[in-house]
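Q: I'm new to this one and would like a quick tour. Can you walk me through it piece by piece?

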Amino acid sequence: MVAHDEAIFGMTEVAANRLNSRGRESVSKVFGSPLVYVLFKISSVGRVLVQHKSSTVRDKSVQGMMVSRSCISLLDLASGDMFNFPQIPRKIPRVMTAPGVISARDGSRVNDGDFDALSSECCEKKIIVANFLPLNSHKDLKSGQWSFSFDEDSLLLQMKDGFSSDTDVVYVGSLKVDVDSSEQDEVSRRLLEEFNCVPTFLPPELQKKFYHEFCKKHLWSLFHYMLPMCPDYGNRFDRLLWQAYLSANKIFADKVMEVINPEDDFVWVHDYHLMVLPTFLRKRFHRIKLGFFLHSPFPSSEIYRTLPVRDEILKALLNADLIGFHTFDYARHFLSCCSRMLGLDYESKRGHIGLDYFGRTVYIKILPVGIHMGQLQSALNHPSSSTKVKEIVQQFNGKKLIVGVDDMDVFKGISLKLLAMEQLLQQHPELRGKIVLVQIVNPARSSGRYVQEAKRVIYETTKRINDIFGFPEYEPVVLIDRCVPFYEKTAYYALAECCIVNAVRDGMNLVPYKYIVCRQGTSKMDEALESASGSPRTSMLIVSEFIGCSPSLSGAIRVNPWDIDVVADALNMAITMPDMEKQLRHEKHYRYVSSHDVAYWAHSFMQDLERACKEHDSKRCWGIGFGLSFRILSLSPSFRKLSIDHIVLAYKRTCRRAIFLDYDGTVVPHASIIKSPSPEVISVLNNLCSDPKNTVFIVSGRGQNSLSDWFAQCENLGIAAEHGYFIRWSRMSNWETIPVIADFDWKRIAEPVMKLYMEATDGSYIELKESAVVWHHQDADPDFGSCQAKELLDHLENVLANEPVVVKRGQQIVEVKPQGVTKGFIAEKILSTMTSNGKPPDFVLCIGDDRSDEDMFESISNTTYRSSLPVPSEIFACTVGQKSSKARYYLDDTVDVLTLLQGLAAASSSKSRSNKETLVSFKSSV
């Protein structure tokens, strides 16, 4: 790595020396020296590559992509041609002077006309990253020329309506066709200039392994609850395909890096194809503003945990600032996986769900995507739609239409829908000849035996129904298996009495939304239907419980697609329902669909992303971890790791020291089965206590008997048990209690309630203390235990509302204790006693890991207390673990705590030896 950096820096010097005189003068106006300019160009080489006419040479090696392009850019600079590229209105990024630290924009304050003009034209930019670009591509075989156009049906294109008009939207993704390597440079230039699109150009073999094999046959199946139980039914996990997935995501990341201004631009990544992309981007730009939205279901933890790379994907997603899901179920499954596999708990603050991840808050957004109202209304007004409507009316001649539009897919439930139609005609003979199910089948997005088998079953079932219940000029089921134009679909939507979506598992499915809008109609559609403008509109929806749009359509008939009888009854109910009720249901749905369109969805997500990134610049960032375990440690500038050297210096120059130590999670790991202190802990505490300048206390929520037994070997150690309700200054002193109300009648209320929850929650238990009652759930199921703890907290707060107690939730516990019994109070009491005895502390160290320890941190840092001391004190409040805290310092774990205490004990020992040597030397001289 060092050799690589030296090589790059050497090239910058060569390039700077080769600048011609005109280039030197122009560069010096802005940057002061050619060498500084060249270094600046390296930091923004990606931006130069997409602007410079001669810098689009493609390096086939992904690993060496940025290095090789840097060299190309440097040669262009050295030739004196660097000012010939077009100046498009984009901000120039600042120089990254250190990982996660961006230098001030000193270069932007110069008085160079061209540079100021460039800055003045800057506009807000959003980079949308998805597997495919929102483009249609076609190559003329005769002329060999490529033609491109925007895909008006693409969600990525439609979401621009949710951004302000001055937003510069750049798309990064692949084309749906292969482009020969000799044409890729020219195609890249055209797409960037004409469409603001940056193509990724994955090699065909990589594209096959990444998209068709890993994404479609493994991830997509798993996320739709299909497990590869044996080789004949599904694709087993293949490590080589996983490597292809990583390689593809890395190429996407490199393309994003070419066009991003990391300080100002927002990046929005879409769907399961790019779930590890956030790690690649966050590793390069620590403060990148990054959102991710999953358009597929997120499976329950029982399903997701079968994925061999489950942790890697979860950690990669957590490198985003905001993660979006269509429904609460999908978000709940994701949060459950984070809890079970990574030990992360979430909190809901003012309506926003957030996960604390190494100092960063990763927010969760729950919002179903909408449709583009304008596109649907334009299609309804198109002459082709009106013509098609008239054809359909004539074709079915007064029969009631039920419409279904689905992909040819095993999860869409088409065969189950046909069975329900068959059941309906069997149970209600009077409907034969009066209703028709028009099933439009979109082309399959994937291939394989499953798709072929599903297609065979659909055709066989359709033929059977038509043979049994059909007659001349009547077919109960019309199967349209071809690519149906959008205007034709809108015509069927507009005429259908009912729309049924019977998928057994689907991410969102916007067919019901489109149906609702088409049933609302337009003036031109009214003319085609020969209906009065403004007449009441009706619609009926039957939707599966297992699709993403189901929760938002409260007026629909929700069904279990596997229950054929229920679906058949729903079809009958939809057809025979009174028009007034159909009208009310339709109006309710149309209000929601029209107000929650794709623009609303995009605007809402981006608004939350901006809020999630608001504190980026106010925190210090460090990158930690390797590979896909990389994450950002984001901390307040005043919150830093406690250095042993720093605290030892303060320790040595002070002589009245108070040391407060929590027990569980501080000197003994939470995960340890053996709860008693190790010999190393006993030894270091004895060494600290042997220094007459030290007053050392264990301050714990544990009972006095346990603590006194465990620390029987520590003669001079003070113990504050049960959060300070009991206190003793040394092994030889008596236990004291703090002056609180001695009425414990509230225990007769709290214990039975806790017992109910203990019996209902396997793995939980109750701890009875003299001053408190604690319900523990660390051995229970993580999700259920956490849920029960919330319920118990609420239950106890209600029944104990008039009692002199507080109910608190801690590290996998719920505790009831008397009011006023806190670690903060006992710390203040100890410090006040020391001051009263003529030994005001000039050094205070407090280490803890739990919520209860925050009271201690606040207490010893209290400005009122500090101002009462005769001399300034050295205050060290330190939490264990990198998390939000009232402490100013942190240590990573109990090992760090023990190392720190050993360092302090060594400082005491060395000073003691030094004093003895001085005394011996003095006696000898006498």
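A: Start with a hairpin, formed by β20 and β21. Bear in mind that the model is predicted.

Q: How many residues sit between β20 and β21 in that hairpin?
A: Six residues lie between them. In the turn, G625 has a positive phi of about 90°.

Q: How do strands β20 and β21 pair, parallel or antiparallel?
A: Antiparallel, over five bridges. β20 covers residues 620-624, and β21 covers residues 631-635.

Q: Which residue in β21 stands opposite R620?
A: That is L635.

Q: Remind me, what do strands of a sheet pair through?
A: Through backbone hydrogen bonds, either parallel or antiparallel.

Q: On to the sheets. What is the strand order in the open sheet of six?
A: The order is β16-β15-β14-β17-β18-β19. The pairing there is parallel.

Q: Which are the edge strands?
A: β16 (477-481) and β19 (557-559). Each of them pairs on one side only.

Q: How many degrees are neighbouring strands turned against each other?
A: On average 20°, with direction ignored.

Q: Zoom in on β18 and β19. How many bridges do they share?
A: Three, in the parallel sense. β18 spans residues 541-544. S544 has V559, in β19, as its bridge partner.

Q: Now a helix. How far does α16 reach from its first C-alpha to its last?
A: It reaches 20 Å. α16 has 14 residues, 383-396, and its reach is close to the 20 Å expected at 1.5 Å a residue.

Q: Which residues of α16 are buried?
A: S385, S386, K388, V389, I392 and F396.

Q: Why are they on the same side of α16?
A: Because they cover an arc of only 165° around the axis.

Q: And which exposed residues are on the face turned away?
A: P383, K390 and Q394.

Q: What do the buried residues of α16 pack against?
A: Several elements, including strands β14 (400-407), β15 (435-442) and β16. Helices α15 (373-381), α19 (486-495) and α21 (523-529) are also among them.

Q: What follows α16?
A: N397, with a positive phi near 50°.

Q: Change of topic: what order do the strands take in the open sheet of four?
A: β28-β29-β31-β30, with antiparallel pairing. The edge strands are β28 (765-768) and β30 (805-810), and each pairs on one side only. The twist averages 15° from one strand to the next.

Q: How many bridges join β29 to β31?
A: Four. Residues 773-776 make up β29, and residues 813-818 make up β31. V773 has V816 in β31 as its bridge partner.

Q: Which strands does helix α28 lie across?
A: β28, β29 and β31. α28 covers residues 747-760 and runs at about 10° to β29.

Q: Last stop, N694. Where is its place?
A: In strand β24, residues 694-699.

Q: Is N694 buried or exposed?
A: N694 is buried, because its relative accessible area is 9%, under the 20% cut-off.

Q: What does the N694 side chain make a polar contact with?
A: The side chain of R657, at 2.8 Å.

Q: Which residues is N694 in contact with, leaving aside neighbours within four places in sequence?
A: Y651, R657, L688 and S908.

Definitions and conventions: Residues numbered from 1 in each chain as written. Predicted model: local features only at pLDDT ≥ 70, side-chain atom pairs only at ≥ 80, totals over all residues. Heavy atoms only, no water. Pairing = 2+ DSSP bridges. Helix = DSSP H or I, 4+ residues; strand = E, 2+ residues; numbered from the N terminus. Axes fitted to C-alpha atoms, helices over the stretch in contact; angles between N-to-C directions. Contact = heavy atoms within 4.5 Å. Buried < 20%, exposed > 50% of the residue type's maximum accessible area, 1.4 Å probe, protein only. Polar contact = N/O pair within 3.5 Å; in protein donor to acceptor, adjacent residues only side chain to side chain. Expected span 1.5 Å × (residues − 1). Arc of directions from axis to C-beta.
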